[in-house]
Amino acid sequence: DLLGVERAADLLRSLHRQLRAELTDFEATADTLARLRKEAHKLTSAAGMLGFSTLSAACRELELAIDSGSDAACAFARASEAKASATMRIEALIAA
(Lines give C-alpha, C1' and ligand atoms only; values in the text may rest on other atoms or scores of the structure.)
Protein backbone atom coordinates (compact mmCIF):
# COMPACT_ATOMS: atom_id res chain seq x y z
CA ASP A 1 0.00 0.00 0.00
CA LEU A 2 2.94 2.36 0.42
CA LEU A 3 3.53 2.45 -3.34
CA GLY A 4 -0.04 2.13 -4.44
CA VAL A 5 -1.37 -0.56 -6.73
CA GLU A 6 -0.75 1.33 -9.99
CA ARG A 7 2.81 2.33 -9.08
CA ALA A 8 3.63 -1.22 -7.98
CA ALA A 9 2.23 -2.56 -11.26
CA ASP A 10 4.31 -0.03 -13.20
CA LEU A 11 7.44 -1.10 -11.36
CA LEU A 12 6.70 -4.77 -12.03
CA ARG A 13 6.21 -4.07 -15.73
CA SER A 14 9.46 -2.11 -15.80
CA LEU A 15 11.34 -4.96 -14.13
CA HIS A 16 9.74 -7.40 -16.56
CA ARG A 17 11.03 -5.37 -19.53
CA GLN A 18 14.45 -5.20 -17.92
CA LEU A 19 14.53 -8.96 -17.38
CA ARG A 20 13.62 -9.63 -21.01
CA ALA A 21 16.46 -7.39 -22.21
CA GLU A 22 19.26 -8.18 -19.76
CA LEU A 23 21.35 -11.20 -18.77
CA THR A 24 20.57 -12.78 -22.11
CA ASP A 25 23.87 -14.42 -23.04
CA PHE A 26 27.21 -15.35 -21.57
CA GLU A 27 30.65 -15.11 -23.09
CA ALA A 28 33.84 -14.88 -21.09
CA THR A 29 35.02 -11.83 -23.02
CA ALA A 30 35.92 -8.55 -21.38
CA ASP A 31 33.15 -6.64 -23.17
CA THR A 32 30.44 -9.16 -22.34
CA LEU A 33 31.53 -9.47 -18.72
CA ALA A 34 31.54 -5.68 -18.33
CA ARG A 35 28.01 -5.52 -19.78
CA LEU A 36 26.79 -8.38 -17.60
CA ARG A 37 28.28 -6.74 -14.51
CA LYS A 38 26.34 -3.52 -15.21
CA GLU A 39 23.14 -5.44 -15.88
CA ALA A 40 23.55 -7.53 -12.74
CA HIS A 41 24.20 -4.41 -10.67
CA LYS A 42 21.00 -2.74 -11.91
CA LEU A 43 18.94 -5.89 -11.41
CA THR A 44 20.28 -6.40 -7.87
CA SER A 45 18.63 -3.15 -6.80
CA ALA A 46 15.46 -3.35 -8.87
CA ALA A 47 14.72 -6.96 -7.91
CA GLY A 48 15.50 -6.37 -4.25
CA MET A 49 13.24 -3.32 -4.08
CA LEU A 50 10.31 -5.37 -5.38
CA GLY A 51 10.91 -8.36 -3.11
CA PHE A 52 12.58 -10.72 -5.56
CA SER A 53 15.33 -11.56 -3.09
CA THR A 54 16.53 -14.73 -4.84
CA LEU A 55 17.04 -12.84 -8.09
CA SER A 56 18.67 -9.94 -6.28
CA ALA A 57 21.10 -12.26 -4.48
CA ALA A 58 21.92 -14.18 -7.66
CA CYS A 59 22.64 -10.95 -9.53
CA ARG A 60 24.83 -9.73 -6.70
CA GLU A 61 26.68 -13.06 -6.79
CA LEU A 62 27.22 -12.63 -10.54
CA GLU A 63 28.50 -9.12 -10.04
CA LEU A 64 30.95 -10.30 -7.35
CA ALA A 65 32.08 -13.27 -9.46
CA ILE A 66 32.90 -10.97 -12.34
CA ASP A 67 34.70 -8.53 -10.04
CA SER A 68 36.80 -11.27 -8.45
CA GLY A 69 37.50 -13.22 -11.63
CA SER A 70 35.95 -16.35 -10.16
CA ASP A 71 33.47 -18.68 -11.90
CA ALA A 72 31.25 -16.13 -13.64
CA ALA A 73 29.72 -18.80 -15.89
CA CYS A 74 28.33 -20.67 -12.89
CA ALA A 75 27.08 -17.44 -11.31
CA PHE A 76 25.48 -16.47 -14.64
CA ALA A 77 23.66 -19.81 -14.75
CA ARG A 78 22.25 -19.24 -11.24
CA ALA A 79 21.23 -15.70 -12.14
CA SER A 80 19.55 -16.98 -15.31
CA GLU A 81 17.54 -19.51 -13.30
CA ALA A 82 16.49 -16.83 -10.82
CA LYS A 83 15.63 -14.52 -13.73
CA ALA A 84 13.38 -17.17 -15.30
CA SER A 85 11.59 -17.78 -12.02
CA ALA A 86 11.09 -14.07 -11.35
CA THR A 87 9.87 -13.50 -14.91
CA MET A 88 7.21 -16.19 -14.52
CA ARG A 89 6.13 -14.75 -11.16
CA ILE A 90 5.91 -11.22 -12.57
CA GLU A 91 3.87 -12.44 -15.54
CA ALA A 92 1.45 -14.12 -13.14
CA LEU A 93 1.17 -10.97 -11.03
CA ILE A 94 0.60 -8.75 -14.04
CA ALA A 95 -2.07 -11.10 -15.38
CA ALA A 96 -3.93 -11.21 -12.06
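Predicted model: local features only at pLDDT ≥ 70, side-chain atom pairs only at ≥ 80, totals over all residues.
Residues are numbered from 1 along each chain as its sequence is written, and side-chain values use heavy atoms, with hydrogens and water left out.

So, the fold. You're looking at four helices and zero strands, with helices being DSSP runs of H or I, at least four residues, and strands runs of E, at least two, numbered from the N terminus. The C-alpha trace spans about 40 × 20 × 20 Å along its principal axes.

Now the inside. Of the 96 residues, 35% count as buried, meaning under 20% relative accessible area with a 1.4 Å probe, protein chains only. The largest nonpolar core has 23 residues, and Leu15, Leu19, Leu23, Phe52, Leu55 and Leu62 touch the most other members. By nonpolar core I mean buried Ala, Val, Leu, Ile, Met, Phe, Trp, Tyr and Cys residues joined through side-chain atoms within 4.5 Å.

Who builds this core? H1 (5-21), H2 (30-49), H3 (53-68) and H4 (72-95) each put in at least two residues, and H4 gives the largest share, seven.

Take Leu23 as an example. Leaving out residues up to four places away in sequence, Leu23 touches, among others, Leu36, Leu43, Cys59, Leu62 and Phe76, but also Glu39 and Lys83; contact here is heavy atoms within 4.5 Å.

Notes. Buried < 20%, exposed > 50% of the residue type's maximum accessible area, 1.4 Å probe, protein only.
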